Amino acid sequence: MSHDHEHSHRWKEDGVRVIKGDRLDSNTPQTPGMFRQAAINHARVGAQKIWAGTVTIAPNAKTGVHHHGELESVIFVVRGKARMRWGENLEYVAEAEPGDFIYVPPFVPHQEINADPLQPLECVLVRSDNEAVVVNITDIDPVETPEEVYWVDPIHKHP
């Protein structure tokens, strides 16, 4: 079985890459209250259309408010309990647990909160471009009591 491909002779150099979890790159834009590390980006592996990495938030801590410009973001909760606030004044809130995915559309101001007082919140991040874009927002006045949102898609109903 033969597959002709213009890069087949370079698959050793340009093929699959394994990035060890203890070799992530912290030289990425940061937001106060969280620690981001890049695993996959253009500089590290030549990625053209995605960025992936991790984020850790200490127990009972929250991040600064930020958005990621035109990028779409996906957050997968590995450990802990994530509380997401979003909106012009962080007027909406939802929670996610291990195994849950969070989607953040372009330009949405948001804040991640570790809702667990005992353990760090650990997540995997994937974004729709090869470089990290972070726009930290410092002039926001969050509402005191945000509205809880449970997103229900056309297939799945509220539990």
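Modeller: On a 1 Å grid over the protein atoms alone, a cavity is a set of points where a 1.4 Å probe fits but cannot get out, while a pocket is an open set with protein on both sides within 12 Å along at least five of seven lines; lining residues have an atom within 4 Å of a point. Grid points are joined across faces, edges and corners, and a volume is the space filled by probe spheres set on the points. By this rule there is one cavity of 30 Å³ or more.

Biologist: Before we go on, what kind of model is this?

Modeller: A predicted one: local features need pLDDT of at least 70, side-chain atom pairs count only at pLDDT 80 or more, and totals for chains, interfaces and linings use all residues. Residues are numbered from 1 along each chain as its sequence is written, and side-chain values use heavy atoms, with hydrogens and water left out.

Biologist: What lines the largest cavity?

Modeller: The largest cavity holds about 50 Å³ of space, and its lining includes Met-34, Arg-36, His-66, Glu-112 and Leu-125. The elements giving two or more residues to that lining are β4 (73-79), β8 and β9. Strands here are DSSP runs of E of at least two residues, helices are runs of H or I of at least four, and both are numbered from the N terminus.

Biologist: How many helices and strands does the protein have?

Modeller: Two helices and eleven strands, running α-β-α-β-β-β-β-β-β-β-β-β-β from the N terminus on.

Biologist: Which elements line the largest pocket?

Modeller: The largest pocket has a volume of about 770 Å³. Its lining has 23 residues, with Ala-94, Glu-95, Phe-101, Val-149 and Trp-151 nearest its centre. β5 (82-86), β6 (92-96) and β7 (101-104) are the elements that give two or more residues, and β7 gives the most, with four.

Biologist: Back to Glu-112. Is this residue buried or exposed?

Modeller: Burial goes by relative accessible area: under 20% is buried, over 50% is exposed, and in between is partly exposed (1.4 Å probe, protein chains only). Glu-112, in strand β8 (residues 110-114), is buried yet has no salt bridge. A salt bridge needs a side-chain nitrogen of Lys or Arg within 4 Å of a carboxyl oxygen of Asp or Glu. The nearest side chain of opposite charge, Arg-36, is 5.6 Å away; for charge, Lys and Arg count as positive, Asp and Glu as negative, and His and the chain ends are not counted.

Biologist: Which side chain makes a polar contact with that of Glu-112?

Modeller: That of His-66, at 3.4 Å. A polar contact is a pair of N or O atoms within 3.5 Å; within protein, one must be able to donate a hydrogen and the other to accept it, and residues adjacent in sequence count only if both atoms are side-chain atoms.

Biologist: And what is Val-126 in contact with, beyond its neighbours within four places in sequence?

Modeller: Contact means heavy atoms within 4.5 Å. With those neighbours left aside, Val-126 touches Trp-51, Ala-52, Glu-72, Ser-73 and Val-74. Val-126 lies in strand β9 (residues 121-127) and counts as partly exposed because its relative accessible area is 33%.
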